[in-house]
Amino acid sequence: MRLIVTRPQAQADVLVTELRAAGVDAVALPLIDIAPVADVQPLRQAWAGLDRCALAMFVSANAVQHFMRARPLSAAWPPQLLAGSTGPGTSAALREAGVPAELLVEPAGEVFDSEALWQRLRMRDWQGRRALVVRGEGGRDWLAEQLRERGATVDFIAAYRRVPPQLDAAARALVDAALAQPLQHLWAISSSEAAAHLARLAPQADWRAAAAVAPHPRIVQALRQLGFG
């Protein structure tokens, strides 16, 4: 069975390499492309105000990488600023960017999402504190709502844009092969948005015989709505 990894290209390439080293027949088929924001000035302004924040929460490795690219040459990570991460890839990107390990807050178990991160943050005092959520354009507000209920002021900054992929001939052939031989392919879908892009890329497809793995119930529901059995 071939495993189709649908994360953005940079993350998909890393995961495919690790999977192949473990003996898995894995191939990348990004269903989301990552692009920079048109105006980086808000990112620079966010950097200028970081020392007033108690938490900077990053939704993905892409959020870390694009936020760090806007970092002024003289800017250092504030010594009191916690860096929130929803999963291992985001944590690795934060460490690579030089965020001290003692300031990194991430889920403690094997579930990687905002709800799991909140379990690590909820016991802290957030009254009167500021938090910055670094994400793509749009996104969920759930964690911000929890912080606001505890008295925090929460700001958002878009560090990148998620855009639909443009499939080349090889990628289109992979989609066609997966549809023609569903029992020989397994889709790894990492976001509801990726599932939506798949629906637009193959609008007439019958997914009832197809199989997929997903890390969160919201994504499972999106795949069921698409027609996965």
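1. In this predicted model, one side of helix 7 has exposed residues: Ala169, Ala170 and Ala180. Exposed here means over 50% relative accessible area.

2. Ala171, Leu174, Val175 and Ala178 are buried. Looking down the axis of helix 7, the buried residues fall within an arc of 100°, so they line one face of the helix.

3. What do the buried residues of helix 7 pack against? Their partners are strand 1 (2-5), strand 2 (26-28) and strand 9 (185-188).

4. Helix 7 covers residues 169-180, which makes 12 residues. From first C-alpha to last, helix 7 reaches 16 Å, close to the 16 Å expected at 1.5 Å a residue. Its N-terminal end is capped by Asp168, with a side-chain oxygen 3.3 Å from the backbone nitrogen of Ala170.

5. Turning to the nonpolar cores, the largest has 43 residues. Which of them touch the most other members? They are Phe58, Phe67, Trp77, Trp126 and Leu147. Helix 3 (residues 61-69) gives the largest share of this core, five residues. Apart from this core lies another, of 22 residues, and Leu174 is among them, as are Val27, Ile32 and Ala222.

6. Phe67 deserves a separate entry. Leaving out residues up to four places away in sequence, Phe67 touches Leu43, Ala46, Trp47, Leu50, Phe58, Leu132, Val134, Ile157 and Ala159.

Technical notes. Residues numbered from 1 in each chain as written. Predicted model: local features only at pLDDT ≥ 70, side-chain atom pairs only at ≥ 80, totals over all residues. Heavy atoms only, no water. Helix = DSSP H or I, 4+ residues; strand = E, 2+ residues; numbered from the N terminus. Expected span 1.5 Å × (residues − 1). Buried < 20%, exposed > 50% of the residue type's maximum accessible area, 1.4 Å probe, protein only. Arc of directions from axis to C-beta. Contact = heavy atoms within 4.5 Å. Polar contact = N/O pair within 3.5 Å; in protein donor to acceptor, adjacent residues only side chain to side chain. Core = buried A, V, L, I, M, F, W, Y, C linked by side-chain atoms within 4.5 Å.
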